[in-house]
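Me: I'm new to this one and would like to walk through it with you. Could you show me the structure before we start?

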Amino acid sequence: MDRNPKSIIEIIKSRTSCRTFQPTRLNEEDKTKIIEILKDIDLNSPFNEKEQNCRFEIVELENKRPEEKRKLGTYGFIKGANQFIIGLTRKSNYIKEEFGYIFEKLILDFTKHGFGTCWLGGTFNRANYAKTVNIEDNEHILCISPIGIPADSRRLSDKLIRRAIKAKKRKKWDVLFFEESINNSLTEKSAGKYAIPLEMVRLAPSAGNKQPWRILKENDKNNFHFYWIFGKNISYNKLHKVDMGIAVCHFDLIVKELGLKGNWKIEQESPYNFDKFKYVITWNGE
Ligand SMILES: Cc1cc2nc3c(=O)[nH]c(=O)nc-3n(C[C@H](O)[C@H](O)[C@H](O)COP(=O)(O)O)c2cc1C
C-alpha cells in the first residue's frame, strides 16, 4: 500500500469506495492515526459561518457478537471492517452541504494515509447505529463510513455492486458544465485554469453515483454557480445536498492547491433560473 503523502489531485484520483477490507485487526499505529485524523478535523466550510453542527464518532465493532453486528445492516455487505466513522448532525441551514464538505475532507485525509472508506447514506440501520454512540436528542446520523485497510482484491459482491451503479463511470463534461446558458457546454479549453478543479468535481463520489452536480460559468468571468439537478429517485434526491457539499469540497481544495484566488458566496436568489436545477453556492474567482 502506498502511504506516502500525495497532492490532493492525486488523492482524489486514487480514491474509490472500499467495501472489502483486510480481515486482520488494525494495529495500534493505525488506530492512533485514525483518532489523530478525527481529532485534527477542521469543521469549517463555505457553508457555515459561526456554528458548527456536525461531529464524528468512531464505533468499534471488534468485540460485538455477530447477531449484534447483523442488526447494524452493514454486516456482510461491508466485509472485514471493524471500525466505522459515524457522522452526526444537528438541524441547521445548509447542514447537509456542510456535512458533505467536512466528511469528504476527512475521507480524503484517510485515503492519503492508505485507509479505505465508503460513504454510506442508505445501506445501514440508522436506529441501531444510533445505539452504538452517545447521541444527543437533537442529533441525527446522516452518513457513516467503514474505515480500515483495503483488501488486496475486491469480493465478487463488491464488484457486482460497483458494476450495478457503474461506480467507475462519470458523466462527460458537456453534461455537467456550462457557460452562460445550459444550452452551451463548457469545454476544458474555455474553463482555462479552472479545468482541473472542475475535473476533480467530475471525479467526486455521489450517492448511487448519480452525479447531480451542474456548474455554470459566467461568460468572460471566473464565477462558477453550483446547482444540483432533481432525479426520479426521491431517496437519492435527499442525499444530493450532501453530494453538493462533496463537490464544493473537491473544487475548494483544488483551487487552494493551485493558488487560485476567490471566495464563496451563497446568493440570495439563484443567478440563473432553470426548471430542474436547484441553486447552491457560487465561487467568485479573481
Ligand atoms: C452521500 C453518499 C451516500 C452513499 N451511500 C451509499 C450507500 O448507502 N451504500 C453504498 O454501497 N454506497 C454508497 N455510496 C457510495 C457511492 O455508491 C459511490 O461513491 C459511487 O458509486 C462512486 O463510486 P466510487 O466512490 O468508487 O468512485 C454513497 C456515496 C455518497 C457520496
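Me: Let's begin with Glu-67: what relative accessibility does it have, and is it buried or exposed, or partly exposed?

Reply: This is a predicted model, where local features need pLDDT of at least 70, side-chain atom pairs count only at pLDDT 80 or more, and totals for chains, interfaces and linings use all residues. Residues are numbered from 1 along each chain as its sequence is written, and side-chain values use heavy atoms, with hydrogens and water left out. Buried means under 20% relative accessible area, exposed means over 50%, and partly exposed is in between (1.4 Å probe, protein chains only). Glu-67 has a relative accessibility of 41%, so the label is partly exposed.

Me: Which residue forms a salt bridge with Glu-67?

Reply: A salt bridge here is a side-chain nitrogen of Lys or Arg within 4 Å of a carboxyl oxygen of Asp or Glu. For Glu-67, the closest N and O atoms of the pair are 2.8 Å apart.

Me: How many salt bridges does a search of the whole structure find?

Reply: Some of them share partners: Arg-19, Arg-154 and Asp-158 are joined into one network that way. Searching the whole structure gives a count of 15.

Me: Where is Asn-223 found?

Reply: Asn-223 is buried, because its relative accessible area is 12%. Contact means heavy atoms within 4.5 Å, and leaving aside residues up to four places away in sequence, Asn-223 touches several others, including Glu-218 and Trp-283. Helices (H or I, at least four residues) and strands (E, at least two) are DSSP runs, numbered from the N terminus. Asn-223 sits in strand E8 (residues 222-229).

Me: Which residues have the most contacts inside the largest nonpolar core?

Reply: A nonpolar core is a set of buried Ala, Val, Leu, Ile, Met, Phe, Trp, Tyr and Cys residues joined through side-chain atoms within 4.5 Å. The largest one has 58 residues, and helix H10 (residues 234-258) gives the most to it, with 11 residues. The residues with the most contacts inside are Phe-226 and Phe-251.

Me: How much area do domain 1 and domain 2 bury between them?

Reply: The chain is divided into domain 1 (8-161) and domain 2 (173-285), with bounds from an automatic or database domain assignment. In all, 20 residues of domain 1 are in contact with 23 residues of domain 2. Buried area is the accessible area (1.4 Å probe) that two parts lose on being put together, summed over both. Of what these two bury, 78% is on carbon and sulfur atoms, and the total is about 2000 Å².

Me: What is the count of salt bridges between domain 1 and domain 2?

Reply: The C-alpha centres of the two domains lie 25 Å apart. Between domain 1 and domain 2, the salt bridge count is zero.
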